[in-house]
Structure formats: C-alpha cells, structure tokens
Amino acid sequence: MNIIIVGCGKVGYTLVEQLSNENHSIVVIDERAEKLSFISDNLDVMSIVGNGMSHQVLLEAGIATADLLIAVTGDDEKNLLCCVIARKSGHCQTIARIRNPIYNKETDFLKKEFGLAMIINPELAAAGEIARIFQFPSAIRVDSFAKGHADLLYFKVTANSPLIGVKLRDFHQTVHANVLVCTVIRGEDVIIPNGNYEFQVNDVVGFASERRDAIDFIRKIGIAKKRVGNAILAGGGKISFYLAQSLIQSGIKVTIIEVNHDRCEQLCELLPTATIICGDATDQSLLLQEGLEHAHGFAALTDLDEENILLSLYANDVSNAKTVTKINRISFNSTINELNLGSVIYPRIITAEYILKYVRSTNHSKDSNVEKLYKLANGKAEALEFLIKADSNITGIPLAKLHFRKNTLICCIYRQKKVIIPSGQDIMMPGDSVLVVLSGYRVSDIKEILED
C-alpha cells in the first residue's frame, strides 16, 4: 500500500517502523526537520518537511495515488482537518488519532461525518489493556479475542512452580486444565511449543482459554492473586482518567496522585467518586500515607518513563500490589524485561497494532478478515484473530490433516457462543472466530498459514 503518515512523534515513528517492515511504501510529513532526519537515517522512507494540512504538501506526498493517510500529530483538530483535506484531494482511506475525552462519545458521528476509516485513541486503548490486567491480576498480560469470550493470557514461570521440568506432552496429565499453551518467550526468543517443550524458570508462557478455565488453571499452578479491590494511579493524565472510569464502573476504589493543581481540580469534577490527591507521586511518604502497602493494584502512569520504572520497583518492594508500568519512549526492551516491573504497557505499540490490523484487513479477502492483531516479544511473533467468511480450502477439514507452516498454532475457535480449545479432530467453519499464533512470517488471510 501507499501510505502517508502525518506527524512524527513517538506514535508516528512506531507506525513508520512497523509499516515499513511490512513492505509498504511510506511517506512521512512533519514540520520538524530534525524528527524527519532521524527517521530518514534509520528507516527507508520518504520524508517531507511541511504542514500536513496543506493541500500542496499532500500533493507533493502523493495523495492522488495514496491508499491510506494516517494523521497522528499532537492536535486532534489538525488530525481531523488533515483527513478531510486528504479525502478531498484523493481517494484514500483516512485514520485520525483523537485523544481528547470530549470526543470519546462522538466517535461514530466523527467517523461518519469526516469519512474516517478509523479513529484511534492510544490512551483509551492503553487504559483498556490495564483494566483487563487488573481484572486478572495473576497474568502479566491479557489479550482479548472473540469479543471478550476468549483470552490469551501470559504468566511467568517462578522457581517454585509445579510446571518446572514438565514437558508439554505431559502438561494435561499434570495440571488437568482446559487451556492450550500457545507461546513461550524465553529471553530474546519466541517459541511456538511442541510436545518436547519443557517449562523453565522465567519462561513467559501464553495460554488460550475461557476466563473461568484460566482461573482454574492459575489456581492449580499456585499463582492466583486476589481480585483487585482498590488501585492507586500515579499521574493524572488521559490514561489515568480513562482507566479510573473503567475501574470505578467495575466497583474498584481508585486513588489518583497528580502533581498539577489545576489538573487535580479537573479530575475532581470528572471523577467525583475517585480520591484525587494533589502531590508528587515520587514522594515515598505520600505513597505510604495513601496506603500503597495495602493496595491491590498500582499503575505508574506519569509522563516520564524513568519515573514510572522507579515507582513500580518501589511498589513491588513495599506491597503485594499488581503493578502496571507505562513505557512510551525508552526502548531497552531486554533490560526492561529483566526488571521487576509487573506488567508493562506501551501505548505507541498498542496504537500501531490497531492500525496494522486495519491495514492487513484491507486486502478484501473473500475468505477471512483480520479482527485482532497483537505483537509478541518485540514483534517476533503475532497473535491474530480471523473471522472466517466463506468455505475455502481451510474449512471443513480436521486440523490434523491441514499442512500448517512452521511455527504456527491454532489456539482456539469461537463458534456460536462456545469457545473450543481445539484438538486435531476439530475443524474450522464459516462464521468461526479463529485465534492463530505464528512466528517468522506475516499473514493477511487465514489461508496463508498453510504450506504452499
């Protein structure tokens, strides 16, 4: 596809990186020459210094033949205007980043009136991921599929785990749980495990199941955590606002610590049932005074990655809280993974995943749609949900008789409100939602998981 990206901040750079890796032709527009110089030095893309709202600049970028324009500047209204001008100047689809909460309940109206293919709100998406983690605190990550009916959950194998030394072929005899182990992250490597895989300390294991079966499994391996009943959020930005709304609706008590007095007053009006504390979240005595030692959940959501890392390390040191750490800029993934940060959230990567899903789904396949896409282990593997649309050479045949490409696993099938953890005798049918985990290649259609 020919794609124009307007805005070259953290989200813009991540989009350029991900989309260029998938062999799309990318043109980036930004008014900051130094940002574009950095991108041009690191990635094989064309860049234009200019205003993405300018018709002339868009023409120079190739809007007349572009397939997609993505506007991710720091200004919602600029993003909307970029998309309107793009639609008037060419025939491309448009995606706008809209972050202001005042627009949150108007997304359907904005999409219709501005002709947008998608509206993406990184903070809202990140808050949704954190809320899922707080709902299942035993997991370090929760990816939801089939409209919430099935999950891919991840946990770290601890030194006292009953799974240590167990081979996957003996897994069900050992645990007796209705789950399917799908992925293993071991150091820098991603494994799509077979029967010979043996659980080791510090493996991050992903498994697919229904929520009730996941609870049973987590309990059996001894890592069950108490449901989060209260949470402290460090930082009062947009993610904290969206997250607090979600947690309060779930009956969770929320305390937000924010240093800016004006923002505290806004939050008091927007979240009347939350406790808003005006103070510095890095003040240890303040954290202890607000009950960190007895908190069930803690999320470090300030604007500084370094601050968030230190806060989560401290929270893990003084409490048993489920911790979540927001990282937006720092990219030392291997180092971060070695730290005791609990669950780590990258809003820019979440945004890229939503847009990648859209780009892959625009292949107009008659057989399937990409409904969800999650990157695993810094992009080394992917978990995708496909909606099967029609009979094809992949439907109606027992899975054991299909010739899948290497490092490919069908993790679950959702059919008529029932989650199926598949065996070799199960089949895929039109109307099914199918969760696939794969490594080493990319697909836009489910047929592509078969060998040629």
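Strands (E, at least two residues) and helices (H or I, at least four residues) are DSSP runs, numbered from the N terminus. Two strands are said to pair if DSSP finds at least two bridges between them. This is a predicted model, in which local features need pLDDT of at least 70, side-chain atom pairs count only at pLDDT 80 or more, and totals for chains, interfaces and linings use all residues. Residues are numbered from 1 along each chain as its sequence is written, while side-chain values use heavy atoms, with hydrogens and water left out.

Strands of a sheet pair through backbone hydrogen bonds, either parallel or antiparallel. An open sheet of five strands shows antiparallel pairing, in the order β18-β19-β22-β20-β21. Because β18 (368–376) and β21 (418–420) each have a single partner strand at the edges, one side of each is left without a neighbour in the sheet. From one strand to the next, the twist averages 20° (axes are lines fitted to C-alpha atoms, for helices over the stretch in contact, and angles run from 0 to 180 degrees between N-to-C directions). Strand β18 is joined to the antiparallel strand β19 (residues 381–388) by eight bridges; Val370 has Phe386 in β19 as its bridge partner.

Another open sheet has six strands with parallel pairing, in the order β14-β13-β12-β15-β16-β17. Its edge strands, β14 (275–278) and β17 (343–345), each pair on one side only. Within this sheet, four bridges join β12 (residues 230–234) to the parallel strand β15 (residues 297–300), and Ile232 has Phe298 in β15 as its bridge partner. Helix α12 (residues 305–318) packs on the sheet and touches β12, β15 and β16 (322–326), where contact means heavy atoms within 4.5 Å. The direction of α12 makes about 170° with that of β16.
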